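The points are grouped by topic and follow the display of the sequence and structure.

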Amino acid sequence: MAKSSTASVDMEDIQTVDLMSELLRRMKCASKPDKRLVFIGPPGSGKGTQSPVIKDEFCLCHLSTGDMLRAAVAAKSPLGVKAKEAMDKGELVSDDLVVGIMDEAMNRPKCQKGFILDGFPRTVTQAEKLDEMLNRRGAQIDKVLNFAIDDSVLEERITGRWIHPSSGRSYHTKFAPPKVPGVDDVTGEPLIQRKDDNADVLRSRLDAFHKQTQPVIDYYAKKGSLVNIPAEKAPEEVTKEVKKVVST
């Protein structure tokens, strides 16, 4: 009974406008079809820009392995305790544990209509374990969206980025240049480039991405669930393309 009472008090503390907003959201979401999606793409491909848009449009939850692991550890769930033991020893968390924590996360109300997986699976073994877990739930991955973009386009996108450190304002030498090269528009202070935003680091990251991810792309292509998204287009064009794919 104490638990019910606590929940009741918590609900009473929530503003009416927030309760109504959530109720309306759930009513709108009730008619949405279930969708289980995987987003694959190299750094700078724009999948991080598209995830929140598609999440809200289709009432999905965004599942990030890092966020899920941290939440499971904080909640001290049985799987979270095992994950913490591995991390404390400096070991990688096993694929079985990650998929088990993902299985638990899918029981949350916000995941009722499905999910977007971003950054997982990274290997064919992980993809197979994910499929096994979903099969036990009577579900499957509906679409795997591969944000396909030429490495040279990514290099132009990323190596052209400049940041104003104290404010976080970002510029791009080609797409959003400052009024004076190398100088912040507002303060006149110098701009910097992140260490990772140089061509050598990017090429190394892209090589690693392609080697690791291509087998996963091939795996889903054979299953018929892979869709290539032309990610070199403008973000709003990519959003239209993604919505069209997810809606079918």
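The mean pLDDT of this predicted model is 89, and 96% of its residues reach 70 or more. Residues 1–9 are a region where pLDDT stays under 50. Where pLDDT is low, the predicted coordinates should not be read in detail.

**Confidence at the start of the chain**

- For residues 1–9, the model has zero contacts beyond four places in sequence.

- Strand S3 covers residues 114–118, and five of the five are buried, so the strand is largely enclosed by the rest of the structure.
- Both faces of S3 are covered. Gly 114, Ile 116 and Asp 118 are buried on one side, and Phe 115 and Leu 117 are buried on the other.
- Strand S1 (residues 35–40) runs parallel to S3 and is joined to it by five bridges. Val 38 has Leu 117 as its bridge partner in S3.
- Strand S2 (residues 61–63) also runs parallel to S3, with three bridges between the two. Here Cys 61 stands opposite Phe 115 of S3.

**Lys 47 in helix H3**

- Lys 47 belongs to helix H3, which comprises residues 47–58.
- Is Lys 47 buried or exposed? Its relative accessible area is 16%, and the cut-off for buried is under 20%, so Lys 47 counts as buried.
- Beyond residues up to four places away in sequence, Lys 47 touches Phe 39, Ile 40, Gly 41, Asp 118 and Phe 147. Among them, Asp 118 is one of the buried residues of S3.

**Lys 243 in helix H10**

- Lys 243 is located in helix H10 (residues 235–247).
- With a relative accessibility of 28%, Lys 243 is classed as partly exposed.
- Which residues does Lys 243 contact, leaving aside its neighbours within four places in sequence? They are Val 53, Ile 54, Glu 57 and Phe 58.
- Lys 243 and Ile 54 are separated by 189 residues in sequence, yet their C-alpha atoms are 7.1 Å apart in space.

**A nonpolar surface patch**

- Four residues, Met 20, Leu 23, Leu 24 and Met 27, form a nonpolar patch on the surface. Together they have about 420 Å² of accessible area.
- Met 20, one of the residues in this patch, lies in helix H2, which spans residues 16–30.
- The relative accessible area of Met 20 is 44%, and Met 20 is therefore partly exposed.

Methods: Residues are numbered from 1 along each chain as its sequence is written. This is a predicted model: local features need pLDDT of at least 70, side-chain atom pairs count only at pLDDT 80 or more; totals for chains, interfaces and linings use all residues. Side-chain values use heavy atoms; hydrogens and water are left out. Buried means under 20% relative accessible area, exposed over 50%, partly exposed in between (1.4 Å probe, protein chains only). Helices (H or I, at least four residues) and strands (E, at least two) are DSSP runs, numbered from the N terminus. Two strands pair if DSSP finds at least two bridges between them. Contact means heavy atoms within 4.5 Å. Patches are made of residues with over 30% relative accessible area and no salt bridge: like charges are joined within 9 Å, nonpolar side chains (Val, Leu, Ile, Met, Phe, Trp, Tyr) within 5 Å. Accessible areas come from the Shrake-Rupley method with a 1.4 Å probe; for residues, only the protein chains shown count as cover. A salt bridge is a side-chain nitrogen of Lys or Arg within 4 Å of a carboxyl oxygen of Asp or Glu. pLDDT is the predictor's confidence in each residue, from 0 to 100.
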